Amino acid sequence: MADEHDLPIKGVLSKLSIKDLDIRGKRVFIRVDFNVPLDENLNITDDRRIRSALPTINYAIDEGSKVILASHLGRAKGKADSRYSLASVARRLQRLIKKEVTFLPDCIGPQVEDAVSKMAEGDIILLENMRFRVEEEKNDEEFSKALAKLADFYVNDAFGAAHRCNSSIVGITKHLTSAAGFLLQKEIEYLQGVVNHPVRPFVALLGGAKASGKIDVIRNLEDKVDKVIVGGGMAYTFLKAMGYNVGDSLVENDMLQLANEIREGVVAKGIKFYLPVDCVISQSIEPGAETKLVTTQEIPNGWKAVDIGPASVKLFSEALESAKTILWNGPMGVFEVDAFSRGTFSIAHSVADAYALTIVGGGDTDLAVGRAGVSESISFISTGGGAALELLEGKDLPGLVALTDK
Ligand code: AMP
């Protein structure tokens, strides 16, 4: 029988895994990413990030270790702020894991040390928000040491924060043997392993607001992909660079030359490059605003493209049909507004229906896939927005680099 922690692609990770550690009876500091969205009443609106960390937490408990969990939440700026307390996360975790979770109101100090010293095997402690301490984001040496003092081993399962050079991500690893948790491994296996060694044809489907955020992704993938599809706001920088009049559509004028160079470079390598051929336009992105459907060659001044049109959906969907691997990062339009969501949702269905390994690169795209109702049909949805983009750009993640080599 396959081990439940087996990963689809082996050998990408050169760092220790939690499975390499002898954690029985030991204190294990697990950095998780419990940075969950909250509504105005501080209720958790989506607990996927908590659920994603459960395999690692459950494994550590089953191994008989004492589990100390740490995370950040929201934009706490180095001081305690009740809006960003992890207390409600502790309650949700307790429900999900069906075990008592002791929540501590700080992350270092005598009270925390005392509670940790009294832990029994299988106990779980959740520390208060790391970012209530100004030292965390400074990767402060003394603070890192104080965190390390709490445990015998360090495990990073916080993929969504692995691009941050913080004490609980990087500094602490100087003082403890440090390994990757199952979520971190899975993210790396897909976003680096599959993406760098894809079963071909491999199609990169990119969208979202800005070209500047995604150009380096195209650059990093240009020796691996067979097709690049560009939709969303970023497409209009490419279209304007080609001489189209794009009206008031989102354009980064300082990127025009680079957009042309990238597109021409990709095409010169024999890679197919797709841009929208039609779009839904509006004069504002307010719900209820008047819309028109036009070709991308006839967007009038005063109007902006807010979604791709049906001909683009057909073109992109046909391009996706033969793919064996698909990477999708960025919506095709302003999908948060119902009237402008059709293109994104149609493409979500095309991705979900493709006979391919499908990877969705976090952030807004994962929201779009959820709203389209196709999350279950996607092979892998990343939990990290910024961290996923940095990996796809070919950058090293400080939190991964810092872990102990195998
Ligand atoms: P990103 O974080 O770069 O993936 O961008 C996601 C955002 O891009 C979403 O909030 C969308 O509303 C926005 N977006 C997608 N298409 C467009 C467009 N044509 N014009 C303006 N914003 C867009």
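In which sense do β5 and strand β6 pair, and over how many bridges?

Guide: Happy to show you around. Please keep in mind that this is a predicted model. β5 and strand β6, which spans residues 177–180, pair in the parallel sense, and four bridges join them. One place to look is Val155, which stands opposite Ala179 in β6.

Now turn to the other partner of β5. Strand β1 (residues 27–31) also pairs with β5 in the parallel sense, over four bridges. Here Phe29 has Tyr154 of β5 as its bridge partner.

Next, follow the chain from β5 towards β6. The loop between β5 and β6 contains Ser167. Ser167 has a relative accessible area of 0%, so this residue is buried. A polar atom of the Ser167 side chain lies 3.0 Å from the backbone nitrogen of Asp140. The side chain of Ser167 also makes a polar contact of 3.1 Å with the side chain of Ser144.

The whole structure has four aromatic pairs. In one of them, the ring centres of Tyr59 and Phe182 are 5.3 Å apart and the planes stand at 90°, so this pair is edge-to-face. Tyr59 belongs to helix α1 (residues 48–62) and Phe182 to helix α5 (residues 182–196), so the pair ties together parts that lie 123 residues apart in sequence. Tyr59 is buried, with a relative accessible area of 13%, and Phe182 is buried too, at 7%.

Helix α5 takes part in another pair through Tyr190. The rings of Tyr190 and Phe380 have centres 4.4 Å apart and planes at 5°, so they are stacked. Because Tyr190 sits in helix α5 and Phe380 in strand β15 (residues 380–381), this pair ties together parts that are 190 residues apart in sequence. Tyr190 and Phe380 are both buried.

Our last stop is the ligand. It is surrounded by 14 residues, and the closest are Ala209, Gly233, Ala305, Glu336 and Asp364. The shell residues divide into six nonpolar, five polar and three charged. A polar backbone atom of Gly233 is 3.1 Å from a nitrogen atom of the ligand. For Ala305, a polar backbone atom is likewise 3.1 Å from a nitrogen atom of the ligand. On its own, the ligand has 500 Å² of accessible area, and the protein covers 76% of that.

Notes:
Residues are numbered from 1 along each chain as its sequence is written. This is a predicted model: local features need pLDDT of at least 70, side-chain atom pairs count only at pLDDT 80 or more; totals for chains, interfaces and linings use all residues. Side-chain values use heavy atoms; hydrogens and water are left out. Two strands pair if DSSP finds at least two bridges between them. Helices (H or I, at least four residues) and strands (E, at least two) are DSSP runs, numbered from the N terminus. A residue is near a molecule or strand if one of its heavy atoms lies within 4 Å of it. A polar contact is a pair of N or O atoms within 3.5 Å; within protein, one must be able to donate a hydrogen and the other to accept it, and residues adjacent in sequence count only if both atoms are side-chain atoms. Accessible areas come from the Shrake-Rupley method with a 1.4 Å probe; for residues, only the protein chains shown count as cover. Ala, Val, Leu, Ile, Met, Phe, Trp, Tyr, Cys and Pro count as nonpolar, Asp, Glu, Lys and Arg as charged, and the others, Gly among them, as polar. Rings of Phe, Tyr and Trp (its six-membered ring) pair if their centres lie within 6.5 Å; planes under 30 degrees apart count as stacked, over 60 as edge-to-face and the rest as tilted. Buried means under 20% relative accessible area, exposed over 50%, partly exposed in between (1.4 Å probe, protein chains only).
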